[in-house]
Number of protein chains: 2
Amino acid sequence: MKVWLNGHVLDEHEARIDPRDRGFLLGDGLFETMLARKGRIAFLDAHIVRLAAGGNILGIPMPFSPQHLSVACTMLLEANKLSNSARVALRLTLTRGPGPRGLLPPENPTPTLMISAAISPTPPLSQTAMLATPRRNALSPSSRLKALPYLDNLLAREEAHARGADDALMLDTSGHLACSSVGNIFLWEGERLVTPAEECGILPGITRGAVIALAEQQGIEITQDFIDVGRLHACDGAFLTNSLVGLMPLTRIDGRELGAMRLTARLQAAYDMLLDADEGEAEDEA
Amino acid sequence: MKVWLNGHVLDEHEARIDPRDRGFLLGDGLFETMLARKGRIAFLDAHIVRLAAGGNILGIPMPFSPQHLSVACTMLLEANKLSNSARVALRLTLTRGPGPRGLLPPENPTPTLMISAAISPTPPLSQTAMLATPRRNALSPSSRLKALPYLDNLLAREEAHARGADDALMLDTSGHLACSSVGNIFLWEGERLVTPAEECGILPGITRGAVIALAEQQGIEITQDFIDVGRLHACDGAFLTNSLVGLMPLTRIDGRELGAMRLTARLQAAYDMLLDADEGEAEDEA
């Protein structure tokens, strides 16, 4: 597989990350994961905007324009012969680049920007989830960024796997529901939806934002709220969202069977239409 | 400068971190920072033991024996002509190595182990500190590991710098004092010492451990405790500890002048003797 690294398409066995890269040494960077279907990248603009906004907060300048990155993604798909693949995961990784020893960043960083591509398997029809031990740090600014440090999420996911669930749910440090190890979560309470508020140490996902807008369009009452564990365990149904799986229905949380599958399926269908429309628009522009 | 990477001494401009390295992509790894004085590495064994113990918790096997790593550190100092330098910072970085896309680690990881060296400037005689916004996540297992994700610490440090202090103090998510951005903290209350308990989301530093043992030896009453902000702002004096600075007296916290400098200086002198003794022992073994 080839990667795009700071303007060059390279074989991944030849591409070189500098051993002084602060992404490698300190987790000092950000990333985005996007879904490309037959060469069309869902919500590409929104992902690039979010990456640049996060970089702005961290003081990591974007070394390439959105237009340049958009072309780079297309080039990389072509170089990997993935332009006609049904599902490709594209990852943008932005780090502060190499720096001298120590915590403080160089005054004039030379950021690293990498794009990688991989076939993204068709997601399962549904998953199970369980509450894991690691918490999301609602009292850290980086919890609201798609920052490189994913070790807590990894530990949560491994704990869930070890106990037979597909994904891990994480509470925030105040005990409110935050997210899964790789996505946002929505709960059905009757025919109303609730999803953790941004204050709960969540990354406000792009799919999450699209689903909130869709629900409102469809007249579904939806709130962003502080959700305690009792409320999680009383919900009628639930689903996860992220850029690769879209809406992922949960059939069980902590072993308890969930329902509301029809409600989730209806929203899922609407989301799939939105994806098609987003890509159709991109095609019209092209 | 040269680095030691997976068994080879390489120029840092030639050494290559794989773009699929999970340390780079996810912060999936650990590190240690050690002080070498004229080729003698303080507490080398303790650092290697901690690195291996952390790897064990994360499921990252140590790809080299402690003996091998010890020799590698010495080789690297020699290759960089740093064997006679007064102060060199050595950093061991252990990651899970390259992996396929996604959060879950490969079943049989090929870890990356890198050692880098840099001249470590003589630390200032004292520093100032202030409380910063980002919190340590006491509810995450990784907060007690010297894990690669340091973005929160970086944000805290930058906030402190922007407001004119040398270092940032961090509370844990329950509001108890935890540590500074790069070290542990000790407070003087009269002639008694108190330092945050391990439950406060701290990395139990090797220098911290040495100082606790030293204080006990010297008949200083020392407790590991939950310390709220009021108690921090009422202390008589304070110092930070880490492997590079040893004991760093704080002259101000949040602008308030601190005392107890004589008490800190006495402990500092004892610590310096301990370092010399530790190195003398290593010399006897050699």
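How many of the eight residues of strand E6 of chain B are buried? Seven are, so the legends below begin from a strand that is mostly covered.These views show a predicted model: local features need pLDDT of at least 70, side-chain atom pairs count only at pLDDT 80 or more, and totals for chains, interfaces and linings use all residues. Residues are numbered from 1 along each chain as its sequence is written, chains are lettered from A and ligands numbered from 1 in the order in which they are written, and side-chain values use heavy atoms, with hydrogens and water left out.

**View 1. Strand E6 of chain B is mostly covered.** Buried means under 20% relative accessible area, exposed over 50%, and partly exposed in between (1.4 Å probe, protein chains only). Helices (H or I, at least four residues) and strands (E, at least two) are DSSP runs, numbered from the N terminus. E5(B) and E6(B) run antiparallel and share eight bridges. In this pairing, B:Leu94 faces B:Leu113 of E6(B). E1(B) also runs antiparallel to E6(B), joined by two bridges. Here B:Leu5 stands opposite B:Met114.

**View 2. Six strands of chain B form an open sheet.** The order is E2-E1-E6-E5-E3-E4, with antiparallel pairing. Strands E2 (8-11) and E4 (40-41) of chain B stand at the edges; each has a single partner strand, so one side of each is left without a neighbour in the sheet. Two strands pair if DSSP finds at least two bridges between them. Strand E1 (residues 2-5) of chain B is joined to E2(B) by four bridges, and the two run antiparallel. B:Trp4 has B:Val9 as its bridge partner in E2(B).

View 3. B:Phe24, B:Leu103 and B:Leu151 supply 16% of the area that chain B buries against chain A, more than any other three residues. Each chain gives 57 residues to the contact (heavy atoms within 4.5 Å).

**View 4. A salt bridge links A:Arg20 and B:Glu12.** The N to O distance is 3.4 Å. Among the elements on the side of chain B that touches chain A are helix H1 (22-26) and strand E3 (29-37) of chain B. H4(B) gives the most to that side, with eight residues.

Definitions and conventions
Buried area = accessible area lost by both parts, 1.4 Å probe. Salt bridge = Lys/Arg side-chain N within 4 Å of Asp/Glu carboxyl O.
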